[in-house]
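This report looks at a few individual residues and where they sit. Keep the structure in view while reading.

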Amino acid sequence: MPRLLADTAPLRIGAFRRLWWGLGISNLGTQLTTVAVGLQVYAITASTLAVGILGIFALVPLVVLGLYGGALVDQFDRRRVALSASTVLFVVTGLLALQAWLSLESVWLLYVLVALQSAASAVNNPARSAIIPRLVPITQLAAANALQTLAWNVALTLGPLLGAVLVAWQGFGVAYTLDLLLFTASLYALWRLPDIPPEPAGEGENVAAKPRVVGWRSVFEGLRYLGTRPNLRMTFLLDLSAMILAMPRVLFPAVGVVLIGGGETTTGMLTAAIAVGAVLASTLSGGLAGVRAQGKVIVAAIAVFALAVIGFGVVLLLVGRTSPDDVVVWALVAAFVLLAVAGAADSISSIFRQTILQAATPDAMRGRLQGVFVVVVAGGPRLGDLMVGAEASWFGEGWAAVVGGVLCLVVITVLALTQRRFLAYDGARPTA
């Protein structure tokens, strides 16, 4: 049984243990606030469009500054970069709480605060991810990333529920204030870290040693480096294949109304199913820590993800668009299980993609490539919403899931056959 459960060896390292607990607790508050802001915008405007615009204000700074933030991480002490960005996040969260307690009810103020929050996160996230390989040995990176994924998905599962309950029970001010208190755990963990200055450029990799530059020139240098490293590039291409072609979350509202029934409750259950699968996979990840054929595992995990989405689509086709008065229980159970499998497969893929990115990237480039990772993770699913949503309007929800899953299988097969070096990737001897 101990071999089945998550490998907790990295938690014996004091700095990593504090960071894991601190980020896990603060991420719970972050997810709480994400739900609370959306609910507050809707309470002020009674407009779903206004809530959708909130997503644009969050996405644009994250995409633009994700790349630039990664460049900053490669130029300056990573602890200080993360601590500075986290301090900005703390102040913005405090302003969210203040506007709620003062009942300002300004949707534009919320848009601005969310944009500032997203911009700070675009710097904070690459810094935190680039810190991990400096805290744990390479042999424990997969285990450390499994623990990070577990904490993230627990927050993703419980945070929205806690946020909705607090808003309904005590109001927006209490919800934001709780996030403010939880965020102090992250600040404390980062403050306790030792200084983590970037290592000299070129160490451990054929990267020319040159004076460090700050700005977009540094960003483009990172992108050029990524273009010359097929294994690192494949981690992004495979993830984008899954998220753009086969992520089915945009279908869930229609599934709850016209297919399985149950309305918002069914939509919430299907959304939670993906997170539940991810939590289970991370919890039972003990056997993954020693895996060396990490490229093959990523391809296999994404293939399972695609097959599960195809199965979900088949369930929808069997049910049909009948707009049932009651929940079609067998279909809900089948859909929940299949989406949980998809979430578990995506979690395993994420663990090893992050491990390869951290292990095979020289320290001088880690921040910039983690910035690219942030952009891919943020932008891929949103492009997927557009892609799968368009397919649903053309073919219907069931066929959209089936077609998306099949396309994902085709693309990852082509990528794997044309990039056999990735299939031969050995976690014990990481190469970019």
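## A glycine in a helix

Gly 389 lies in helix α13, which covers residues 363–395. Helices here are DSSP runs of H or I with at least four residues, strands are runs of E with at least two, and both are numbered from the N terminus. The model is predicted, so local features need pLDDT of at least 70 and side-chain atom pairs count only at pLDDT 80 or more, while totals for chains, interfaces and linings use all residues. Residues are numbered from 1 along each chain as its sequence is written, and side-chain values use heavy atoms, leaving out hydrogens and water.

Gly 389 has a relative accessible area of 26%, which makes this residue partly exposed.

## Contacts and distances

Leaving aside residues up to four places away in sequence, Gly 389 touches Val 250 and Gly 384. Contact means heavy atoms within 4.5 Å. From C-alpha to C-alpha, Gly 389 and Ser 347 are 23 Å apart in space, and 42 residues separate them in sequence.

## Two positive phi angles

Most residues other than glycine have a negative phi. Glu 105 has a positive phi, near 50 degrees. This residue is in the loop between α3 (78–101) and α4 (107–135), and is exposed at 56% relative accessible area.

Ser 323 also has a positive phi, near 45 degrees. Ser 323 sits in the loop between α11 (294–319) and α12 (329–360), and its relative accessibility of 42% makes it partly exposed.

Conventions. Buried < 20%, exposed > 50% of the residue type's maximum accessible area, 1.4 Å probe, protein only.
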